[in-house]
Amino acid sequence: MKLSQIGEFGLIELLKKAESGKLKADTVVGIGDDAAVIQSPVTSRQSPVKYQLITTDTLIENIHFRLKEISFFDLGYKALAVNISDIAAMGGWPTHALVTIGLPKKVTVEQVKQFYAGIDFLAKRHGIDIIGGDTVASPKEIVVSITLLGEVEKEYLLTRAGAKVGDAILVTGEFGEPAALRFDSRKWKVESRTREARIIAKSRMATSMIDSSDGMVRSVIEICKMSKVGARIWLDSVPIAKGATLDQALYGGEEYELVFTIPRAKAIEIMELIQKKTKTKVTIVGEVVARKRGIKLIDVHGKVLSPESGGYEHFK
Ligand code: ADP
Ligand code: MG
């Protein structure tokens with residue numbers, strides 16, 4: 001079978017099925033969430049109340065970025081930012097990073113220094129230590145891969161699983177801007193919602209959370225899949241960024257906003273809490289329904305639509 005037939009999400013599903021039956025007792029969350037969660041001996045000795053979080057994300061030249069559209073500083077910044085977003089989506093905070101670079105000969109020492117300046121800028125802001133990595137030659141294109149470790153108090157851990165029928169679906173920020181800007185990295189910067197994520201986690205009211213790297217609708221689909229529920233998304237509620245279309249807001253991706261679920265009665269409380277502490281806009285975009293009702297979009301006229309398979313998917 002060709003990769004294009006099942007796509008990135010289908011392939012990960014296959015890998016997950018093959019691996020998840022044989023997990024050890026100290027693996028709390030394996031394949032399928034924004035970060036893996038383990039009960040490491042180190043965290044449990046130092047602090048029995050915390051879990052270790054681990055995530056990794058890779059950027060490939062001409063797939064994720066074009067050199068004429070991004071500086072080396074911004075490339076370093078982005079490579080770390082997308083990983084920080086995944087740690088935040090679990091309710092935790094980042095601590096240590098491993099940085100791997102695959103470089104063709106065209107890259108200069110000065111450019112690598114700039115790349116690290118971008119990483120260090122964000123690392124300093126979040127108190128992350130760069131503790132290692134790997135440096136290799138690449139035949140043609142630049143490859144950047146960061147593995148980020150983090151921590152979370154056990155009672156604050158949020159995963160993609162846990163959404164309950166009757167929960168409201170909320171999102172931070174607005175959607176569609178990167179797509180409207182044709183993903184030109186010079187025009188927008190990844191701002192991971194670390195403070196908002198911690199507020200949501202510490203409130204202990206949310207039932208699930210994900211970061212919206214692959215698009216808003218895709219995020220809801222992932223929560224539904226892991227939580228074994230369905231969803232209704234109200235199209236007239238979706239916060240669309242200036243200049244973007246509804247389709248770009250629904251499927252565009254690269255926003256790194258938070259999508260989370262919370263019992264309906266608590267929705268207003270969490271919105272006010274986040275807005276008071278961060279000024280970040282939070283919007284209710286839908287509700288969680290029974291799995292058998294599926295995932296549907298409701299337009300202004302009450303018409304029920306099925307989500308398109310939009311958004312970026314590798315191999316497709
Ligand atoms: P995100 O968009 O949040 O970074 P991904 O869509 O990249 O998440 O990955 C979803 C899940 O699949 C994660 O748990 C990730 O660790 C896992 N995953 C992705 N690729 C692989 C792989 N090649 N082998 C095992 N697990 C993988
Ligand atoms: Mg993610």
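Is K189 buried, exposed or partly exposed? K189 is partly exposed, because its relative accessible area is 38%, where buried means under 20%, exposed over 50% and partly exposed in between (1.4 Å probe, protein chains only). This is a predicted model, in which local features need pLDDT of at least 70 and side-chain atom pairs count only at pLDDT 80 or more, while totals for chains, interfaces and linings use all residues. Residues are numbered from 1 along each chain as its sequence is written, chains are lettered from A and ligands numbered from 1 in the order in which they are written, and side-chain values use heavy atoms, with hydrogens and water left out.

**Ligand 1**

- There are 13 residues around ligand 1, and G32, D33, D34, D86 and R160 come nearest; a residue counts as near if one of its heavy atoms lies within 4 Å.
- By class, this shell holds eight charged, three nonpolar and two polar residues. Asp, Glu, Lys and Arg count as charged, Ala, Val, Leu, Ile, Met, Phe, Trp, Tyr, Cys and Pro as nonpolar, and the others, Gly among them, as polar.
- Helix α1 (residues 3-20) gives the most to the shell, with three residues. Helices (H or I, at least four residues) and strands (E, at least two) are DSSP runs, numbered from the N terminus.
- The side chain of R160 has an N or O atom 3.1 Å from an oxygen atom of ligand 1. For S213, the distance from a side-chain N or O atom to an oxygen atom of the ligand is 3.4 Å.
- D57 also has a polar side-chain atom 3.4 Å from an oxygen atom of ligand 1.
- Taken alone, ligand 1 exposes 560 Å², and the protein buries 63% of that. Accessible areas come from the Shrake-Rupley method with a 1.4 Å probe; for residues, only the protein chains shown count as cover.

**Salt bridges**

- Side chains of opposite charge can pair when their charged atoms come close. A salt bridge is a side-chain nitrogen of Lys or Arg within 4 Å of a carboxyl oxygen of Asp or Glu, and by this rule the count comes to 20.
- D74 and K189 form a salt bridge, with their closest N and O atoms 2.9 Å apart. This pair links distant parts of the chain, since D74 is in helix α3 (residues 72-89) and K189 in the loop between α5 (177-180) and α6, 115 residues apart.
- R193 and E257 form another salt bridge, the closest N and O atoms being 2.7 Å apart. R193 lies in the loop between α5 and α6 and E257 in the loop between α8 (246-251) and β10 (258-263), so the pair ties together parts that are 64 residues apart in sequence.
- Both R193 and E257 are buried.
- Salt bridges that share partners join E13, D33, D34, R160, R218, E222 and K225 into one network.
- E19 forms a salt bridge with K22, and their closest N and O atoms are 3.9 Å apart. E19 counts as partly exposed because its relative accessibility is 37%, whereas K22 is exposed at 58%.

**Buried and surface residues**

- Helix α6 (residues 194-203) is largely enclosed by the rest of the structure, because eight of its ten residues are buried. The buried residues are T194, E196, A197, R198, I199, I200, A201 and S203.
- S145 lies in strand β6 (residues 143-153) and is buried, with a relative accessible area of 17%.
- The side chains of S145 and T58 make a polar contact at 3.0 Å. Such a contact is a pair of N or O atoms within 3.5 Å; within protein, one must be able to donate a hydrogen and the other to accept it, and residues adjacent in sequence count only if both atoms are side-chain atoms.
- I31, in the loop between β1 (27-29) and β2 (36-38), counts as partly exposed at 39% relative accessibility.

**Backbone angles**

- Most residues other than glycine have a negative phi, and most peptide bonds are trans.
- R204, which is not a glycine, has a positive phi of about 60°. This residue follows α6 and lies in the loop between α6 and β8 (208-211).
- R204 is exposed, with a relative accessible area of 57%.
- K228, also a residue other than glycine, has a positive phi near 55°. K228 is found in the loop between α7 (216-227) and β9 (230-234), and at 54% relative accessibility K228 counts as exposed.
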